[in-house]
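Q: I would like a close look at a single part of this structure, with each criterion stated.
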Amino acid sequence: MSLLFLSFLLLLLLGTEVGFAMVIAAWFGIEFKTDRFVDLVMLPTSMLSGVSFYALVQITLFILAGEIMNRGGITRRLIDFAGVWVGRGPGSLGQVSVGANVMMAGISGSAVADATAIGKAMIPEMRVKGYPVSYSGAVIAAGALIGPIIPPSIPMVVYAQMANTSVAKMFMSGLLPGLLLAAGFMVISALIGRARGFPVGPKVDWRTRLKVSASAVWALLLPIIILLGIRLGLMTDTEISSVAVVYALFVSMFVYRSLKLSELPELFASAGRSSAVILFLLAAAAPFSWLVAESQIADRVVDMIHTISTDPVMVLVIINILLLLVGLVLEPLPAMVIFLPALIPIGIDLGIDPIHFGCVVVINLMIGLITPPVGLLLFVVSSIGKIPFIAVAREVMPFLAWSIVVLFLVVVFPPLALWLTLGM
Amino acid sequence: MTFESIDRRVATLARIVGSVLDIFIGLLVVGLLLLVFSQFIDRNFFVLWRQSPEEYVKIGLVWLCFVGLARAFMTDEIIRIMILHEVLPPRILTILDTLVDLLMLAVLVILAVKSVTMIQVAQYQMILGTNLTLAVPAYGVLAGVLLLIPLIAWRMVRRIVLGAPRP
């Protein structure tokens, strides 16, 4: 068992692609397995099984929907909509970024896609209007964190598949925590804007507001369709992903006319490549997880945690501290496929609702996206805005602190995650 | 013929293969979209399916995963942690990267050989709700692995000869 993890960690450190690090570690694990013989045909067989899940098609389709939105002008209209409705107080562009991220979150489900789309539009605009560029990067990175928490969410699909729970319930569990995060980010933006004397926004008359809103109606309908579809059970969660793509294509090509037919092949191929990398993580995690299960590591960890506490809330706090540390160095999806096979049985053993547990795990690991040294969103905005990484990391601290507060609230008050899933 | 000219020809071949793979991947995604959306139509409006579309989606996902991964390797869209790459000198990195590539090649060869075994068994197992056998998705694993082997091998050769950074 120790060989499995040691070789895996070593390979990660050496810069091996994460999925391959798991496959190579699993190969070593099988070769050095002493209690019984396991044929290496188990490797491709379990990898094939690991990715043969119908629900996983949502990963591909939601990535595709996000790409269509970005290239089809839907994102720009959502930013404009947030711009005319958010107040004009000092630092209001920070709030516009958060607001636009919330609306994007209701469609795309990928933090990196949201940060890229909003960052490309907002960082130059904020720079021109006199905002410190490191602050602009920080508020956009923090806002993008909401993407995988508000439905739809790719990490929640991955969790649901690994924990064998309902994707729709997982989606709904993230809505309230996501909105709570957004509300806090907006307040923080306002406070920072006032304290540091950021520019005041221009006055927007009602005619402009109505014009921009009318233009954004089609874009705004998409998150509503997704949320109602999930909550009312009008479509299955997988069907929603396809409806989202078809709707985004229709709006981009025929309503906004900003996406050409000739752009579609590259767009579909790009979405396919991005989703293949995520799918391969799940495929590679299958033999790795099998070896983890064989070694009964979860039982040992449960025993160890039991010696500290048997209170579910306390155990959740311990698991969260562990995952926050993991999030410092690992990206969310690799962290999920590595640690969930051991953590999910612990949650079940202690009677923690798997939806609540999943929501907590997803929020926790998403926080890792804005924590240095390996905060992926910090890297994304640094690269887009040509901003020093350290400067963004420093500016993101107030937002990071609020994210940890929200995580703690979701741990302590399960209804925050579970209330909207009642009756589903 | 110099190594540089061979390298240029390999790069041209890689671009052609890459374009073909992009078309294939794009078509797979279109296929997946059509399958899932047609199920929505089938469930709510009129009957489209007699067979089980879920099983076709699963097959498509396997092919997309492994062939898409090979293409993602070509375009360097993979997930890696680069902590040591920030601090170690280039010469040591070249040795470490070559070691990693050797390990990847070894595991890819194992996967290729064992995928053939898997296909031999799978061709006698029908996928319920379809007329296909389990060999169809299993070929997807093999295809992806066979695309990755020359890619990793050439990357390694290039690094040794030219000292070029990965990939």
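What percentage of the 167 residues of chain B count as buried?

A: This is a predicted model, in which local features need pLDDT of at least 70, side-chain atom pairs count only at pLDDT 80 or more, and totals for chains, interfaces and linings use all residues. Residues are numbered from 1 along each chain as its sequence is written, chains are lettered from A and ligands numbered from 1 in the order in which they are written, and side-chain values use heavy atoms, with hydrogens and water left out.

In chain B, 46% of the 167 residues count as buried, that is, under 20% relative accessible area with a 1.4 Å probe and protein chains only. The chain has five helices and zero strands, where helices are DSSP runs of H or I with at least four residues and strands are runs of E with at least two. The order from the N terminus is α-α-α-α-α.

The radius of gyration of chain B is 20 Å, whereas a compact globule of 167 residues would have one near 15 Å; the radius is taken over C-alpha atoms, and the globule rule is 2.2 Å times the number of residues to the power 0.38. The C-alpha trace of chain B spans about 65 × 35 × 35 Å along its principal axes.

Contacts (heavy atoms within 4.5 Å) in chain B between residues at least 6 apart in sequence join residues at least 24 apart in 72% of cases. Chain B exposes about 8,600 Å², of which carbon and sulfur atoms supply 69%; accessible areas come from the Shrake-Rupley method with a 1.4 Å probe.

Note on methods
Buried means under 20% relative accessible area, exposed over 50%, partly exposed in between (1.4 Å probe, protein chains only).
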